[in-house]
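Please read it with the sequence and the coordinates at hand.

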Amino acid sequence: MAQSTPLFVGLDVHKDSIAVAHAQGQSADPPVFVGAIGTRQADLDKLIRRLQAKTATLVFAYEAGPCGYTLYRDLTGQGFACHVVAPSLIPKKPGDKVKTDRRDAVELARLLRSGDLTRVYVPTVEDEAIRDLCRARDAARLTLKNAKRRLKAFLLRLGLHYVGRADWNDAHRRDLAKVVCPPPAQQIVFQESVRTVDEQVDRLARLEAELRELAPAWRLYPVVQALQALRGVQWLVAITVVAELGDLTRFDSPRQLAAFVGLIPSEYSSGPARRQGGITKAGNGRARRALIEGARLRMKCTRHRCHAVPLSTVPMACFKPSCASEITTRTPLSPRFTRLRRKAVQKLRSSDGPTSSPSTWRSPSLVIPTATTVA
């Protein structure tokens, strides 16, 4: 007869096998190791029938890894609760130096019962597809960058380096077309390196064109358009951030989002001493890189708005009320900046030089006009 208490099942998932252990809810008994099963659908169905003979309520958990979210979607599709947990946030004993599949499955079952596991965000199939396309484009960009670096290093070793701006414009390519290496073997290496660069340029252009074609039909594309209303955030930065972060409404505050992408300062405090260091660089590195690129571009946009879309066309329904108000209202200046600006204006007025108005010292990049309501 099935019991009403839940059964917490820990799964140590691998490519060819799954180690299974379960812990009885509302009990202090140690978890029980079931064994290893295959990864086929028949093996998983057999395990579910075996566990349902003990209780009707099953809760599964496994670590996020290279096997993806197929198992999660299969279990949730059958109506079971499943948690995909962050491996870096699993509590571990400092003196525990033995790691096996059995111990991992038993530990997952025990921590799942005690509630000490941290879940990760599982994207939908459509969101994961757009994210994979964004990551494929970013991988093509890195491959192109490495190919250009290898070609430049090869020419530098032969003393044939380009003296102008090596930004791969028409002038640079005309100079490359004149390069002739005396040994035939080195000429072959040079030609293959140039061909590799051209192939990667075409590959990057193809992936970006496919991304721009598929993105408008994405359910989160209105959020991509909304983020482009911020200074420094262009289309590639916006779609990279949204594809990596997914549903932004799952963050309760901007500080939680900053902590998720590792943009908060590290800290080592003890007693009255408080020491803060650089950013933690934890979490999603791709989203952090895109946000930093947007911030650097925003610092350059002091005289122009650098908006891809006007604020009046931003769908504010994509954001929480608190975040929407911060976007549509004017960004306040910090007290220190206001105090320094006032001192500078007073110093100029007291000097013999030309008088500058206070508006001259107002940073135009900090002024965001109020957005009008879209009918």
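Q26 counts as exposed, because its relative accessibility of 73% lies above the cut-off of 50%. The model is a predicted one, and in it Q26 takes a positive phi of about 55° although it is not a glycine. Q26 sits in the loop that runs between strand 2 (18-24) and strand 3 (32-37).

**Loop residues with positive phi**

- In soluble globular proteins, nonpolar side chains tend to be buried together.
- The largest nonpolar core here comprises 38 residues, and those with the most contacts inside it are L151, F190, W218, V224 and I239.
- Two or more residues of this core come from each of helix 4, helix 6 (184-214), helix 7 (221-227), helix 8 and helix 10, with helix 4 providing the largest share, nine residues.
- When residues up to four places away in sequence are left aside, W218 touches V224 and I239, and also E126, D127, I130, V242 and A243.
- Another core lies apart from the largest one and has 21 residues, including L71, Y72, F80 and C82.

- E208, which is found in helix 6, touches R137 and L236, not counting residues up to four places away in sequence.
- Although E208 and R137 are 71 residues apart along the chain, their C-alpha atoms are separated by 6.5 Å.

**The second largest pocket**
- The second largest pocket holds about 940 Å³ of space, and its lining is made up of 31 residues, of which V120, Y121, F260, G283 and N284 lie nearest the centre of the pocket.
- Helix 4 (125-157), helix 8 (235-245), helix 9 (254-260) and helix 10 (285-300) are the elements that give two or more residues to this lining, and helix 4 gives the most, with five residues.
- By residue class, the lining of the second largest pocket divides into 13 nonpolar, nine polar and nine charged residues.

Key. Residues are numbered from 1 along each chain as its sequence is written. This is a predicted model: local features need pLDDT of at least 70, side-chain atom pairs count only at pLDDT 80 or more; totals for chains, interfaces and linings use all residues. Side-chain values use heavy atoms; hydrogens and water are left out. On a 1 Å grid over the protein atoms alone, a cavity is a set of points where a 1.4 Å probe fits but cannot get out, and a pocket is an open set with protein on both sides within 12 Å along at least five of seven lines; lining residues have an atom within 4 Å of a point. Grid points are joined across faces, edges and corners, and a volume is the space filled by probe spheres set on the points. Helices (H or I, at least four residues) and strands (E, at least two) are DSSP runs, numbered from the N terminus. Ala, Val, Leu, Ile, Met, Phe, Trp, Tyr, Cys and Pro count as nonpolar, Asp, Glu, Lys and Arg as charged, and the others, Gly among them, as polar. A nonpolar core is a set of buried Ala, Val, Leu, Ile, Met, Phe, Trp, Tyr and Cys residues joined through side-chain atoms within 4.5 Å. Buried means under 20% relative accessible area, exposed over 50%, partly exposed in between (1.4 Å probe, protein chains only). Contact means heavy atoms within 4.5 Å.
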